[in-house]
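Thanks for coming, everyone. Please look at the screen, and I will walk you through one chain.

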Amino acid sequence: MTTGTDIHVESVKLQRKIESYLGIQGSELSFEFQTVEGKIKLDLITINPRHNQSFLFQSEIGVDKLDALKKMYEYVQSYKDKYNSYTIQWIAKGDNELHTSYFRASNMYDALDKLYYGRDINTITVFSVVLNPVA
């Protein structure tokens, strides 16, 4: 048996680096892996404990789990410089409180896709989508 990189150890290290860089606790992030057309797709999900909702942060595709995690780490290091910031005001079905969430995306449709990720479009009503000014 050869001693090489332990994929599980490296995977955890990269996940912790991503958490640390984003400043988000592990309980507020979910790393979801799935095989798509022979490659590994990583969906990084954020969980907001205040309103108990989850949203897509970013998806990356790699040849394997480590490659997808490396691409995600590269993304988190540069996303603020490459993508626009959007503010979305919304309310969940059956709720009476207006919520405000922030997304980085290439356009407003991508921001809305991140908001609606993994849920029926009829469960959230969007009141506004605003492109935030560049600081």
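This is a predicted model: local features need pLDDT of at least 70, side-chain atom pairs count only at pLDDT 80 or more; totals for chains, interfaces and linings use all residues.

Start with strand 4 and strand 6, where strand 6 covers residues 124-131. These two strands pair in the antiparallel sense, over seven bridges.

Now to another partner of strand 4. Strand 4 is residues 84-92, and strand 5 is residues 99-105. They also pair in the antiparallel sense, with seven bridges. Find Ser 85, then look across to strand 5. The bridge partner there is Arg 104. Strand 4 and strand 5 form a hairpin, with six residues between the strands. In that hairpin, look for Gly 94. Gly 94 takes a positive phi near 85°.

Pick out Asp 113, which is found in helix 3. Is Asp 113 buried or exposed? Asp 113 has a relative accessible area of 53%. The cut-off for exposed is over 50%. So Asp 113 counts as exposed. Asp 113 and Ser 85 are 28 residues apart in sequence. In space, C-alpha to C-alpha, they are 14 Å apart.

Three strands form an open sheet here, in the order 1-2-3, with antiparallel pairing. Why is one side of strand 1 and of strand 3 left without a neighbour in the sheet? Strand 1 (29-36) and strand 3 (53-62) stand at the edges, and each has a single partner strand, so one side of each has no neighbour. The twist here averages 25° from one strand to the next.

Let's zoom in on strand 1 and strand 2. Strand 2 is residues 39-48, and eight bridges join strand 2 to strand 1. The two run antiparallel. Here are two pairs to click on. Thr 35 stands opposite Ile 40 in strand 2. Val 36 stands opposite Lys 39 in strand 2. Strand 1 and strand 2 form a hairpin with two residues between the strands. In that hairpin, Glu 37 takes a positive phi near 50°.

Helix 1, residues 7-22, lies across strand 1, strand 2 and strand 3. Helix 1 runs at about 135° to strand 1.

Now find Glu 19 in helix 1. Is Glu 19 buried or exposed? The relative accessible area of Glu 19 is 11%. Buried means under 20%. So Glu 19 is buried. Which residues is Glu 19 in contact with, leaving aside neighbours within four places in sequence? They are Ile 24, Gly 26, Leu 29 and Phe 31.

Let's step back to the whole chain. How many helices and strands does the chain have? There are three helices and six strands. Read along the sequence, they follow the pattern α-β-β-β-α-β-β-α-β. Along its principal axes, the C-alpha trace spans about 60 × 35 × 30 Å.

A few totals to note down. The chain has 135 residues, and 36% of them count as buried. The accessible surface of the chain comes to about 8,600 Å². Carbon and sulfur atoms hold 49% of that surface.

Last, the charges. The chain has 15 positive and 17 negative side chains. The centres of the two sets lie 3 Å apart.

That's my tour. Over to you.

Note on methods. Residues are numbered from 1 along each chain as its sequence is written. Side-chain values use heavy atoms; hydrogens and water are left out. Helices (H or I, at least four residues) and strands (E, at least two) are DSSP runs, numbered from the N terminus. Buried means under 20% relative accessible area, exposed over 50%, partly exposed in between (1.4 Å probe, protein chains only). Accessible areas come from the Shrake-Rupley method with a 1.4 Å probe; for residues, only the protein chains shown count as cover. Lys and Arg count as positive and Asp and Glu as negative; His and the chain ends are not counted. The place of a charge is taken as NZ of Lys, CZ of Arg, CG of Asp or CD of Glu. Two strands pair if DSSP finds at least two bridges between them. Axes are lines fitted to C-alpha atoms, for helices over the stretch in contact, and angles run from 0 to 180 degrees between N-to-C directions. Contact means heavy atoms within 4.5 Å.
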